[in-house]
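Good morning, and thank you for the time on today's agenda.

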Amino acid sequence: MIPWVTSFPAVQALQTQSNLGSLCVELKSTLNIQCTPPGSDWRKLPASNVTLITTQHKEANLKSGKVRKILILSPKISAAYNTSSTTLVGELTQRDIAEYQLVFFNYMGNTKNAEDAIKLAENNAFDLIISMGSPTTKLLSKKYRYGSIPVVTACSKDPVSMGLITSERENQSTNIAYTSLNISVATQVSYIQEKYFTQLKRIAVIYDKNNQSSIITQVTPLKNHLNNNVKSIQFYPIEVDFNHLKTSLYSKLEKIAHNTEKMGDSVFLITGSTELFNIIKDINRFAGQVPVLSVTPSHVSRGEDSVFMAIGVSFETNARLAADYAYRILNNKTKPSALKIGIVSTPDISISFMHKPVSTLKVPLSLFEDAGVIYDYQGNPARLHYKKEN
Amino acid sequence: MKLLNKAIPIHFVLALSISLLVFIGIGECYRVYPAIQFNNLCNQAELLKSSIETNLKLGVPLEFKGFKQRALELSQKSEQINQVIIVPGYQTGKINSQNKTISPENKSTVALNCNNNDEMLNKSLNIDWRSILFMPGKAVDYQITMNLSNKFTTVGQLKITPTANIFTQEISFRFNKIISTSILIVIFTPFIILFCKNILPANAEVVQKAIYHLCFLVIGIVIVTNMLQLYSKSIKQQSHSLAYSLSERLDTPLELGFDLYDDLSGFKQLLEEYRKKSNDISHIYLIKQNNVVSSSLAENYEDFNLPVSLNSPPCDSYKLNPTSDQFINSCLPLGKSDYTLLVLTPWVKIYNKLWRATRNILVLFLASSLISNIILNVLLSVQAQTRKQRSSKVGEQRQSPLKNKIDSPQVEFSNRKKNKKHQLKQPLALQIIKPVFALGTLIEAINISFLPSYFSDIFRDSGYSVSLAFGIYFIFFAITLIPAGRWAEQHSHKRMILAGLLISVVALASLYTAESVWLILILRAVAGIGQGLLFISVQSYLLAIENEYKGIKCSDQIVIGYNVSMISGAAIGGLIMPILGEVTTFLAGALVGTCCLIYTLIMVKDIKQSDTSSDLIKKSSPKLQLGQLLQDKLILRTFLLVGFPAKALFTGVLILIMPIMLRSKELSTDTIGQILLFYYIGVLFTTKILAEMSQLFKRTEWVLFSGCVGSGIGLLLISAQGWLPDSNEMVLILSGILMLGIFQGLIHAPVISYIVTCQSANQIGRSTVAAAYRFLERLGHVMGPSIATFFLLQNDGSINNQHMVTIAIAIILMAVAFILLSHSKTVLVKA
């Protein structure tokens, strides 16, 4: 809990039953902030999908007088969006003595509702829109690229890989400040190779053939990077067909595990996919002594269902970056067009010693020190710096 | 009262030289000790910052109570840190560079930046004279501010307040005692000297000098001993605080339930990182029970290593090695685990730091001895003169009065050296004039070690070569010589000396504020005029003494005086510049010049000049003299093949190129000054040998030939350093410079003896030929820097060694040509 943020008196606590109920519970439990019904204007929108929170500084004499209004627009119910929204609110209120009015609106995939919400925000002189999730970012990039209210994206995949903008330069003319849930593949590879597996010869990438966004934002950039820049490492794709897991995945895992000559010359890398994470036990089993890594920090968790190590960007870290961009824009320190695409340079590292392949494979101290989440040999948490244990 | 009158001059000389020694000692401590303390402080601060930032990057908020706890622990455990505050604050955009010194809120607090090097730290530190001189000093508050960043931005600051007077307190404490001892020595030694002189009147001079040097040596030893204690204590603290910080970091995985050796790797890199943080630590070992898990050893220390399996407790393990007493150790167990951290620092690191201080003190001893010898000789001569006067008054009724007043100087023959009774004692007037020339030249020599690099900084981007500043000095020096010589024939030498000194002092003092290139060039020209006037007036004064006192030879006094000044000036200047800074050193030089001016005003009396001393200058114009001289083949040959190259080599290579070359090797100013001393010591040595053993060097042309060939070989040695490994290059440079000095000494005085054997000398007079030749020689001085810049300095400021070889070979070939062209007539050395 952030000590100086107190709750605004709730008018009516009806959100627990709404689509935003889980978010309000999280806000309450984490930041002790309560959701309240929004003003009359916002009642034009579906009531169960909109809520308002207001924050104020506990030291009244430090009031700046200015209330900052932010619209947080999300496309669906998602634990990731809840985590991201909570972190973002926490970061903003922690940094600033200003008061905030934040309207959360879940447009449930209905773009008309999203456009209505934006108009309402414009009419009520809102200061900022947070675009939560890749679908919202896609929508705003298409419809609101040159809008009057600045936009910061959060919990969204890399905008260049998604084709929303072609380059950094193009971003300079828009009113959107992009952040990315993906770290640069170069950073990812250098972490894997230089900091740990110095003898690495092959990265076998496991991806869901139906998950196009992970193919676009994770698989293809990695393939291009290895083929063009790191020719000493072979790119080995494992395209998973969930209808034929044995042939498309398990037999390939076994083959690589069998052909590995030396510990650490091959690794498996799982892309961000819930479906793949659901079969992680089997992947670990067939992988044998080859380390299983992931690009998603949430793939490292307590107990059996975990990969050995994840090197990527957590939702929390991305949200903190988005909060930093939001803070700068709100305080007139910069314009969205002046901000580079926000890619986290130092990835979040999570390690589960329970899934460390063999005892001879040791974890470099530098990675251990950088890891925010560590589980011990029994799968119990040893360090949880940014992870919320469920 | 009489005793006091006798003692006061000795008090004065002793106080002056011991003050200089203590001052250099304090400066040396201020150069080394604060840097060690600061390094230690920054290591601790950076390690805390790095540990906090690691957690910030993991997502831990700055408000995490553990950070405050760590800060508190550090301030409680560290002897260097008084307070550590973590200040939250999101100032993105305002503070984003860690290289920038962040100003503290309190303006009286001095902000320090850990990215500053030692030299910048020293500039920000002022010597706390108040507390050194027993008065309660004003505490200076320092603060180190470091930005704390997470993955994206600066989230706060770490403000570290060092312990009050951390950089100066220990120095003040120790020098309080040293100064007390020095004051007692200065007060009582003169009385001891006088007492001993009364007991041993036959060896009065030896006693006086021996006791004087003994005092100097005693104070020097006391200073060096204190430095040893000071440096070893601070280096021990440094190694201990690093060991402590490293142990804290290694404790973390242990506390989380992991084993360092079984679960983790990469300790080698971690130990390397820590070892390199301190230049002094040589070994770090991570030991589990009795087994070495990981280690990091500095280069050159691989010989000393612990076995993988130890037979004794980890903290005592290193003691089994026979050379273990060469190390200071810090041994820390890691928490409650069976791991131990052992950090070793070799004593030799402390001795190296001390060696520089000891070397500086030895050099200062040499410099101070040379100058104080001249002043002591004046004192002894004046005292002897006074005794004579008293005895003459007693014997007045029995014999005619002696002409022994200072204002009408007479020869004083005394028992200077019992075993050389045949030698004449130098007259009082000669003893009195020696300090004038020595101090007058010294004020320029003080700058020799740093002037090229100082001017290089100012002249950078100005479009002018730094050699211009040296060229212009020698041009004006040279063009002053002949008019000054003519003036000296008809006017008071004393006034001319005063004018020369005054001009030199003004030119030097004005450099204090001079920042524009043009003003510097003008001031160098003025300084050249001043030094030219001083040179010619002292030379004329010496000639007048020679004429007045038949049998006294003064010709080598100029060479000796010049080189004594260069040795003392370069040494003292090189030592005081790092303490005072360049411009204040100019002022210090001007102050010495002013003292010399006052001394001249009081002590020096004009000598009546004989008619024969003006020779050609009275008879003909300078143009006619030079024209006639240049037609003389001997003079032309000697000038072109010997004099010109020798002088150009001196100004071009020694004055201009060597300081730049040595600076490029990252040598400090005092070291550069001390290296250049070898040249002057060489010249002084040869000049003395030539004066004492002139019979051995009968054929002057062969002496000059040897001088030129030796100089060429010396230059070859210097140039060879470019092709050899670093460890050998300093040996070559030192040998080359010493050789250059020794062999140039074979040219400086003998060349005049050789020149005056020419036919023209019979027609226009020996003195005139000598004076005019000196003028011609100055062209070598003038052209030296330009030739050196053109051939030796490359565009990037580095030295072209290949061209240096070419020049060396050219000098040797010119010497061969000279000897082949010389007539076979034997010329006796008359140096």
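Predicted model: local features only at pLDDT ≥ 70, side-chain atom pairs only at ≥ 80, totals over all residues.

**Backbone, sheet and interface**

Let me begin with A:Met108, which counts as partly exposed because its relative accessibility is 41%; by the definition used here, buried means under 20% relative accessible area, exposed over 50%, and partly exposed in between, with a 1.4 Å probe and protein chains only. Residues are numbered from 1 along each chain as its sequence is written, chains are lettered from A and ligands numbered from 1 in the order in which they are written, and side-chain values use heavy atoms, with hydrogens and water left out.

A:Met108 sits in the loop between strand S4 (99-106) and H3 of chain A; helices (H or I, at least four residues) and strands (E, at least two) are DSSP runs numbered from the N terminus. The phi of A:Met108 is positive, near 50 degrees, in a residue other than glycine. A second residue with positive phi is A:Cys155, at a value near 55 degrees. A:Cys155 belongs to the loop between strand S6 (151-154) and helix H5 (168-171) of chain A. Is A:Cys155 buried or exposed? With a relative accessibility of 5%, A:Cys155 counts as buried.

Within helix H3 (residues 111-123) of chain A we find A:Asn113, which is buried at a relative accessible area of 15%. Contact here means heavy atoms within 4.5 Å. Setting aside neighbours within four places in sequence, A:Asn113 is in contact with A:Leu45, A:Pro46, A:Phe105 and A:Tyr107.

For chain A overall, there are twelve helices and 16 strands, and 59% of its 390 residues count as buried. Of the contacts in chain A between residues at least 6 apart in sequence, 71% join residues at least 24 apart.

Helix H11 (residues 315-330) of chain A has 16 residues and reaches 22 Å from its first C-alpha to its last, close to the 22 Å expected at 1.5 Å a residue; that expected span is 1.5 Å times one less than the number of residues. Because 14 of its 16 residues are buried, H11(A) is largely enclosed by the rest of the structure. Inside H11 of chain A, A:Arg328 and A:Asp324 lie four residues apart, about one turn of the helix. Their side chains meet in a salt bridge of 2.9 Å, N to O, a salt bridge being a side-chain nitrogen of Lys or Arg within 4 Å of a carboxyl oxygen of Asp or Glu. A:Asp324 counts as buried, at 0% relative accessibility. After the helix comes A:Asn332, with a positive phi near 55 degrees.

I turn now to chain B. Here an open sheet of four strands has the order S7-S6-S9-S8, with antiparallel pairing; two strands pair if DSSP finds at least two bridges between them. The edge strands of chain B are S7 (291-297) and S8 (327-333), each pairing on one side only. Six bridges join the antiparallel strands S6 (residues 283-288) and S9 (residues 339-346) of chain B. One of the residues involved is B:Ile284, whose bridge partner in S9(B) is B:Val343.

How many residues does each chain bring to the contact? Chain B gives 25 residues and chain A gives 34. The area buried between chain B and chain A is about 2,600 Å², with carbon and sulfur atoms giving 59% of that area; buried area is the accessible area (1.4 Å probe) that two parts lose on being put together, summed over both.

Across this interface the rule finds one salt bridge. A:Glu369 pairs with B:Arg249, with the closest N and O atoms 2.8 Å apart. B:Arg249 also forms a salt bridge with B:Glu273, at 3.6 Å between the closest N and O atoms. That pair links distant parts of the chain, with B:Glu273 in helix H8 and B:Arg249 in helix H6 of chain B, 24 residues apart.

Finally, B:Asp263, in helix H7 (residues 260-263) of chain B, is buried at 8% relative accessibility. Not counting residues up to four places away in sequence, B:Asp263 touches A:Phe353, A:Lys362, A:Val363, A:Tyr377 and B:Phe258.
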